[in-house]
Amino acid sequence: MRIVVGITGASGSVYGYTLIRALYELGIETYVIFTSMGEKVLEFECGVNPEEIKKYATILNNKNLFAPVASGSFKTDGMVIVPCSMNTLGAIANGVGDTLLSRTASVVLKEKRKLVIVPRETPLHLIHLENMTKLAQAGAMIMPASPGFYHRPKEIWELVNFIVARILDAFDIEHEFLARWGEKH
Ligand SMILES: Cc1cc2nc3c(=O)[nH]c(=O)nc-3n(C[C@H](O)[C@H](O)[C@H](O)COP(=O)(O)O)c2cc1C
């Protein structure tokens, strides 16, 4: 299995960072594309240097539109953008593909592969909502970073894992990240 992970400059890079480590543990071939703000926010919020991600995945340069993932002929099982800024969300929703991240998302949509978008902003204005609607209509799955509390989390990582588990579920990846509702707690 082969997945592309996009990390943008929205708050919540801990979700992307945790997902990448989970995919590594699960033995899944992972490509990561950072926007420049994505790198900065990861460092700011998590104290993690983006170079560290090389331990877990192949990092692709967001400026390199020659990378294989920019072409539909390079087969992947899809892409997740986590966290997704309103800036990147707006670009993809409007067909802009001038970075490797936005171009890859566009390719994933046109090839009818799975595109999971984890937007992060609050509150949302009408243009944000319209862009999300457009993406949903084009086949993307909009998965807000909005963890539930019914598993009675006590620590932040339990909230983070909640979202990471839902992303893995979206790709039908077997995991033991979080007990499911109705199963053992
Ligand atoms: C600490 C920090 C947190 C941010 N959080 C958000 C956010 O939650 N959602 C959002 O849409 N933008 C957020 N931004 C603003 C984006 O980083 C900014 O719009 C940027 O242009 C996004 O670029 P990108 O889409 O290329 O990553 C944040 C910026 C900073 C510095």
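How far does a polar side-chain atom of T35 lie from an oxygen atom of the ligand? The separation is 2.6 Å. This is a predicted model, where local features need pLDDT of at least 70 and side-chain atom pairs count only at pLDDT 80 or more, while totals for chains, interfaces and linings use all residues. Residues are numbered from 1 along each chain as its sequence is written, and side-chain values use heavy atoms, leaving out hydrogens and water.

**View 1. The residues around the ligand.** Here you can find T8, G9, A10, S11, T35, M37, S85, M86, N87, T88, R120 and E121 (each with a heavy atom within 4 Å of the ligand). By class, this shell holds 3 nonpolar, 7 polar and 2 charged residues, with Ala and Met among the kinds counted as nonpolar, Arg and Glu among the charged, and Gly among the polar. Helix α3 (residues 86-93) gives the largest share of the shell, 3 residues; helices are DSSP runs of H or I, at least four residues long.

View 2. From S85, a side-chain N or O atom sits 2.6 Å from a ligand oxygen atom. S11 instead uses a backbone N or O atom, 3.1 Å from an oxygen atom of the ligand. Of the 640 Å² of accessible area (Shrake-Rupley method, 1.4 Å probe) that the ligand has on its own, the protein covers 67%.

**View 3. L124 and the loop it sits in.** Look for L124 between β5 (114-119) and α5 (126-137).

Methods: Polar contact = N/O pair within 3.5 Å; in protein donor to acceptor, adjacent residues only side chain to side chain. Helix = DSSP H or I, 4+ residues; strand = E, 2+ residues; numbered from the N terminus.
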